[in-house]
Amino acid sequence: MAIARYLYRQKQMRLLALLLLASLAAGCGKSQFDIDQEEIEAYVADNNLDAQKTESGLWYVIEVEGSGDRPTLQDEVTVLYTGYLTDGTVFDQTSGQPITFPLANVIKGWQDGIPLFREGGNGLLIIPS
């Protein structure tokens with residue numbers, strides 16, 4: 001299981017997100033989605049997070065709601081991020097400078113999660129694989 005922490009800005013918006021990438025599970029008789037959800041639930045509990053879950057299985061925490069607009073799939077977003085494994089090892093990150101990209105061109109978890117935050121908002125996304 002891997003975790004990524006992201007700082008998102010859409011114009012002046014900031015979003016700290018947590019991305020959970022599931023490890024490959026060997027034949028437990030459970031779907032990967034079910035395995036991901038169990039691991040996410042354990043992560044949320046272990047880290048005492050007050051996270052909410054969407055229908056798609058995305059979990060999120062809004063730390064600062066923000067007051068601006070919510071981005072749409074047609075918008076470009078700017079993100080600072082650091083990706084972590086569940087043991088805390090960093091596996092990817094921006095170089096300290098934000099990156100900008102069309103929201104429609106990123107993973108579904110970002111497409112679903114980033115619009116939960118208003119411009120200026122801050123929070124976490126926990127995204128199943």
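Contact here means heavy atoms within 4.5 Å, and helices (H or I, at least four residues) and strands (E, at least two) are DSSP runs, numbered from the N terminus. Everything below comes from a predicted model, where local features need pLDDT of at least 70, side-chain atom pairs count only at pLDDT 80 or more, and totals for chains, interfaces and linings use all residues. Residues are numbered from 1 along each chain as its sequence is written, and side-chain values use heavy atoms, with hydrogens and water left out.

**View 1. Helix α1 lies across a set of strands.** Residues 32–46 make up α1, which lies across β3, β4 and β8. The helix runs at about 30 degrees to β4. For that angle, axes are lines fitted to C-alpha atoms (for helices, over the stretch in contact), and angles run from 0 to 180 degrees between N-to-C directions.

**View 2. Three strands form an open sheet.** Here two strands pair if DSSP finds at least two bridges between them. The order is β3-β4-β8, and the pairing is antiparallel. At the edges sit β3 (52–53) and β8, each pairing on one side only. Two bridges join β3 to β4, and Gln52 has Tyr60 of β4 as its bridge partner. Between β4 and β8 there are five bridges; for Val64, the partner in β8 is Asn122. Is β8 enclosed or open to the outside? Four of its five residues are buried, so β8 is largely enclosed by the rest of the structure. Buried means under 20% relative accessible area, exposed means over 50%, and partly exposed is in between (1.4 Å probe, protein chains only).

View 3. A nonpolar core is a set of buried Ala, Val, Leu, Ile, Met, Phe, Trp, Tyr and Cys residues joined through side-chain atoms within 4.5 Å. The largest one has 13 residues, and Val77, Val79, Phe101, Trp110, Ile114 and Leu125 touch the most other members. Strand β5 gives the most to this core, with three residues.

**View 4. Lys30 and Glu38 meet in a salt bridge.** The term covers a side-chain nitrogen of Lys or Arg within 4 Å of a carboxyl oxygen of Asp or Glu, and by this rule the count comes to three. For Lys30 and Glu38, the N to O distance is 2.7 Å. Lys30 is partly exposed, at 40% relative accessible area, and Glu38 is partly exposed at 40% too.

**View 5. A salt bridge joins Glu65 and Arg118.** Their closest N and O atoms are 3.9 Å apart. Glu65 lies in the loop between β4 (59–64) and β5 (76–85), and Arg118 in the loop between α2 (108–113) and β8 (122–126), so the pair ties together parts that are 53 residues apart in sequence. Arg118 is partly exposed, with 28% relative accessible area.

**View 6. Asp112 and Lys108 pair up within helix α2.** This salt bridge spans 3.0 Å, N to O. The two residues are four apart in α2, so about one helical turn separates them. Asp112 is partly exposed at 25%, while Lys108 is exposed at 54%.

**View 7. Asn48 has a positive phi.** Most residues other than glycine have a negative phi. The phi of Asn48 is near 50 degrees. You'll find Asn48 in the loop between α1 and β3, where this residue is exposed, at 72% relative accessibility.
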